[in-house]
Amino acid sequence: MLFLRLVSLALLSGAGVALAEPRISPSVIHEKRTYTPAGWSRSRRSLSSAILPLRIGLVQSNMDKLEEMLLEVSAPDSGNYGKHWTAGKVAQTFAPSRESVDTVRGWLGDSGIAPERVRLSGAKTWIEINATVEEAERLLGTEYHVYSHSSGKEHVACDSYSLPEHVSKHVDIVLPTIHFDAVVKRDGGSSHTLSNIGQPGVGLVPKTTGTISSILNELENCDEQITLACLRALYEVVYVPVATSENSYGIVEYTPQAYLQTDLNMFFSNFTPNLVGTAPRMVSIDGGYAQTEYTGFDYNGESDLDLEYAMSLVDPLPVTLYQTGDMVEGASFNNFLDAIDGTYCTFEGGDDPYYDSTYPDPYGGGYEGPENCGTATPAYVISTSYSYNEADLSPAYAARQCAEYAKLGLMGTTVLYSSGDDGVAGNDDLCLNPDGTQTTNGTMFNPSFPGTCPYITSVGATQVNPGASVLEPESACMQVIYSGGGFSNYFAMPSYQASAVEHYLTAYPPPYTAAQYNTTGKSRAFPDVSANGANYVVAIDGDFYLVYGTSASSPVTGSIMTLVNDARLAVGKSPIGFINPTIYSPAFYGAFNDITTGSNPGCGTTGFNATAGWDPATGLGTPNFPQLLARWLALP
């Protein structure tokens with residue numbers, strides 16, 4: 001299916017063989033790019049004497065066993081369920097082998113690179129050399145060109161690169177090559193395409209129909225306005241946390257998105273009076289802070305929404321706010337991951353400076369402190385209401401980040417991401433074209449990321465139908481937004497969802513062809529679950545707004561999972577960790593409210609229908625808190 005190939009993490013990160021290999025072997029193409037990113041055009045050949053900081057990301061040990069290891073602590077029928085790993089065990093288990101280090105060093109030496117020029121990172125996860133373009137082209141069997149952007153920026157890249165066959169199996173990724181990952185000096189804005197995630201209108205953002213003059217806080221009005229009372233009635237949430245000193249719930253925000261305390265107080269005074277004056281526990285990452293220079297829905301809408309509902313639903317448990325990135329550089333998901341797991345800063349070569357922000361700010365004016373690596377403790381549940389389009393990223397970049405989510409799962413963290421608000425289309429209603437580009441008139445479905453990563457829980461959106469009550473079934477959200485869902489073009493289907501997805505494809509075969517979506521039946525399907533995403537009453541910049549989006553669905557689902565954790569921790573059990581193998585298991589049949597009406601249109605189609613059982617519009621359905629609580633308490 002087009003240029004996007006189906007790749008499992010095992011294929012991207014297979015372990016090296018144990019026996020010594022010959023030092024001379026034929027070259028094989030390691031990575032290839034089939035199109036030039038939008039806005040860029042090839043300008044000229046690179047100067048042969050120019051210096052490139054080559055970084056060679058080494059294959060991690062045991063990555064072919066990653067899913068198996070995660071299932072060992074996450075599957076409800078495993079004897080090791082809930083026996084999560086320490087960070088030290090994770091780092092030790094996935095460190096590159098000595099053979100990988102020696103093989104790459106040997107190849108560089110045989111190619112004329114003096115040993116003193118070769119640097120091995122402290123975590124032994126990548127090898128770096130400063131090479132001339134001429135040396136890099138010889139090492140990688142490629143040609144480097146300068147690409148010009150419509151903004152005037154320039155970048156050095158190649159279309160593909162090769163490695164000796166005996167070296168290739170020890171390498172995940174080489175930078176800079178096809179990924180457009182060179183740092184380009186800012187000219188009026190950040191050059192890091194993914195570190196703009198918190199900027200207004202970038203990526204997944206909540207939607208609004210405007211302000212409201214009065215609040216309807218009665219259950220009979222939940223089809224018009226969603227409040228805390230509606231959510232508690234819909235999902236039967238009647239629970240007061242007791243293990244508040246042991247439990248933890250984290251919300252991730254990306255600057256300049258920020259909450260206003262006056263907005264929190266306005267909301268709390270109407271719905272949770274005892275929280276008036278209460279702020280989240282701020283964890284600043286790479287200079288992040290609750291900025292007040294810019295206000296309004298585009299700057300405060302996301303954070304106000306997330307915190308007002310999360311803090312209220314888990315009260316009296318404090319909520320941790322991971323405020324990520326400063327006002328100048330911004331931040332990406334990788335910058336956040338660096339902060340909660342220091343080993344990730346150098347995992348498979350470290351961050352990609354095209355996608356990810358660099359700290360201290362190399363250009364001045366931004367956060368001048370050191371990059372935050374391992375400085376923040378991951379909460380037991382972490383909700384993020386932001387996403388990219390999968391096609392925004394290279395398969396190797398996506399796989400590298402996805403592997404980190406699996407490692408967090410091994411350590412007992414539940415990671416939730418919104419699935420998207422544009423149905424089967426990507427953010428901004430972009431769809432794919434056969435050449436891999438994304439346009440609004442494309443005809444191929446455009447899945448989200450990290451929603452397609454098999455090691456996170458993807459959350460779609462539902463609605464209370466107009467004229468219906470909270471006692472009636474919800475449908476897939478079709479007011480203002482459409483629940484994101486579909487099938488990955490990068491990741492293979494994980495074993496835990498195979499039965500549920502196969503049932504859907506057999507019983508309700510979608511009326512689309514391979515020219516529209518990945519019809520192999522072997523790719524990761526999403527979302528996993530859903531929650532209401534329409535008509536939320538949110539205090540923003542001094543007014544109450546009606547807000548829509550999976551941006552609401554994810555923190556609400558995270559709050560419910562946090563309450564389950566509280567009950568388990570209170571009786572001496574472990575947190576629920578990576579929940580997907582459990583919620584798809586027979587032991588949890590009926591633990592979610594099945595959604596069977598609605599669809600998720602996009603790309604000129606009606607999208608996928610919500611059906612009995614799992615479906616690509618609403619996943620397994622919405623939480624039934626009493627059922628989830630009883631079944632998780634029954635597990636060891």
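Which residues in α2 meet which residues in α11? Leu66, Met69, Leu70 and Val73 in α2 meet Ala403, Ala406, Gly409 and Leu410 in α11, where contact means heavy atoms within 4.5 Å. This is a predicted model in which local features need pLDDT of at least 70 and side-chain atom pairs count only at pLDDT 80 or more, while totals for chains, interfaces and linings use all residues. Residues are numbered from 1 along each chain as its sequence is written, and side-chain values use heavy atoms, with hydrogens and water left out.

**The chain as a whole**

- The secondary structure comes to 15 helices and 28 strands, with helices (H or I, at least four residues) and strands (E, at least two) taken as DSSP runs and numbered from the N terminus.
- Of the 636 residues in the chain, 61% are buried, a word that stands for under 20% relative accessible area, whereas exposed stands for over 50% and partly exposed for values in between (1.4 Å probe, protein chains only).
- Among contacts in the chain with a separation of 6 or more, 81% are between residues 24 or more positions apart.

**Helices α2 and α11**

- The axes of helix α2 (residues 66-74) and helix α11 (residues 395-410) come within 9 Å and cross at roughly 25 degrees; axes are lines fitted to C-alpha atoms, for helices over the stretch in contact, and angles run from 0 to 180 degrees between N-to-C directions.
- The two helices α2 and α11 are therefore roughly parallel to each other, given that angles under 35 degrees count as roughly parallel, over 145 as roughly antiparallel, 65 to 115 as roughly perpendicular and the rest as oblique.
- The residues of the contact of α2 with α11 divide into seven nonpolar, one polar and no charged; Ala, Val, Leu, Ile, Met, Phe, Trp, Tyr, Cys and Pro count as nonpolar, Asp, Glu, Lys and Arg as charged, and the others, Gly among them, as polar.

**Annotated positions**

- In an unreviewed UniProt entry, the annotation "active site" covers Glu302, Asp306 and Ser551; such annotations may be inferred rather than shown by experiment, and their positions are given in the numbering used here, with feature names shortened.
- These residues span 250 residues in sequence, yet no two of their C-alpha atoms are more than 7.5 Å apart, so they gather at one spot.
- Glutamate 302 is in helix α9 (residues 297-314) and is buried, with a relative accessible area of 1%.
- Leaving aside neighbours within four places in sequence, glutamate 302 is in contact with Pro206, Glu253, Gln257, Ser385, Tyr386 and Ser551.
- Aspartate 306 is also found in helix α9, is buried with a relative accessible area of 1%, and, with neighbours within four places in sequence left aside, is in contact with Ile251, Glu253, Ser385, Ser551 and Pro555.

**Backbone features in loops**

- A cis peptide bond with omega of about -5 degrees joins leucine 175 and proline 176, and proline 176 lies in the loop between β9 (171-175) and β10 (207-211).
- A cis peptide bond with omega of about 15 degrees joins aspartate 315 and proline 316, and proline 316 lies in the loop between α9 and β13 (319-324).
- Aspartate 286, although not a glycine, has a positive phi of about 50 degrees; this aspartate lies in the loop between β12 (281-285) and α9 and counts as buried at 0% relative accessibility.
- Valine 480 has a positive phi near 70 degrees, is placed in the loop between β21 (475-476) and β22 (486-492), and counts as partly exposed at 48% relative accessibility.
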